[in-house]
Amino acid sequence: METKIKSTLLISLAIVLTAWILGSAFKKRNENLDSISVIGLGTKDFVSDEILWSGSFTTNSLDIKTAYSKIVSDQKIVTDFFINKGFNSTEFSFGAVNFQKKYKEIRKENPNNSDLNQIEQVFDGYEATQTIVFSAKKNPTMMKKIEAVSNKTSELINSGIELSSNSIQYTYSNLPSLKQSLIEKATKDASERANKIVNTADGKIGKLKNASMGVFQITGQGSTEEDSYGGINDTYSKNKTARITVRLEFELE
């Protein structure tokens, strides 16, 4: 009898527990159905107001002192070149001279057994490298000067100097403000979309349940590059487009 009572209690408890689980699941499902999730987009085209351009030139000598003297002499020629192009000496800067030992391979043939041929590394002097850097911020006139001269460095070849030019990098000085304005724009867009959808169905928007922000992307204007999970930050285009998405989830009344 006692065993039968215990069995009955266990069965009753199992029924109550099952009902509670099913009820919770049903309630949660209905809660999810009584909400709407929308994505808003904020975009803006803008022009970069910062520029960075750099280049480097090298010289070689078996003696490190001679290499240094040559790079100093070449630096004077490079300085005069850019001053003749309309720059002041304060509008560009040189980095520290970098020295690197150079080696060449000498192959030693074994006349009796080619498998015993050897390759020996032989010291071939020093290579001295000097960098030059131009930058401007919120200075359209200087930006144009830098853009113009970056395509004329081949003229230095006439002076015996080959300047290796890096790509111009364009950035924007007020990204935090830009990002904030895009978040506001995307949030407003998402809210308007939600209201249009619900109003069309004769419903009513309730409280905001959740909000999440997508990745901040900066691409060149007209770019077809797809969004990246880690974000895109184009530094090669002067004219750019910034975009961000915001997901909002509202309760429905």
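## Close-up views of salt bridges and buried residues

The structure holds nine salt bridges, where a salt bridge is a side-chain nitrogen of Lys or Arg within 4 Å of a carboxyl oxygen of Asp or Glu. This is a predicted model, in which local features need pLDDT of at least 70 and side-chain atom pairs count only at pLDDT 80 or more, while totals for chains, interfaces and linings use all residues. Residues are numbered from 1 along each chain as its sequence is written, and side-chain values use heavy atoms, with hydrogens and water left out.

View A. Helices (H or I, at least four residues) and strands (E, at least two) are DSSP runs, numbered from the N terminus. Aspartate 80 has 29% relative accessibility, so it counts as partly exposed; the term covers values between buried (under 20% relative accessible area) and exposed (over 50%), using a 1.4 Å probe and protein chains only.

View B. Look for the side chains of glutamate 91 and lysine 145, which meet in a salt bridge at 3.4 Å, N to O. Glutamate 91 is in the loop between H2 and strand S3 (93–94) and lysine 145 is in helix H3, so this pair ties together parts that are 54 residues apart in sequence. With 24% relative accessibility, lysine 145 is partly exposed.

**View C. A salt bridge with buried partners.** Aspartate 234 and lysine 240 form this salt bridge, with 3.3 Å between the closest N and O atoms. Aspartate 234 has a relative accessible area of 15%, so it is buried. Lysine 240 is buried too, at 2%.

**View D. The buried residues of helix H3.** In this helix, residues 140–149, you can find Met142, Met143, Ile146, Glu147 and Val149 buried. These buried residues pack against strand S2 (50–61), helix H2 (64–84), strand S5 (118–137) and strand S7 (169–171).

**View E. Leucine 156 and its contacts.** Leucine 156 is found in the loop between H3 and strand S6 (164–165). Its relative accessibility is 1%, so leucine 156 counts as buried. Leaving out residues up to four places away in sequence, leucine 156 touches Ile77, Val78, Phe81, Ile161 and Leu163; contact means heavy atoms within 4.5 Å. Leucine 156 and valine 78 are 78 residues apart in sequence, yet 7.6 Å apart in space, C-alpha to C-alpha.
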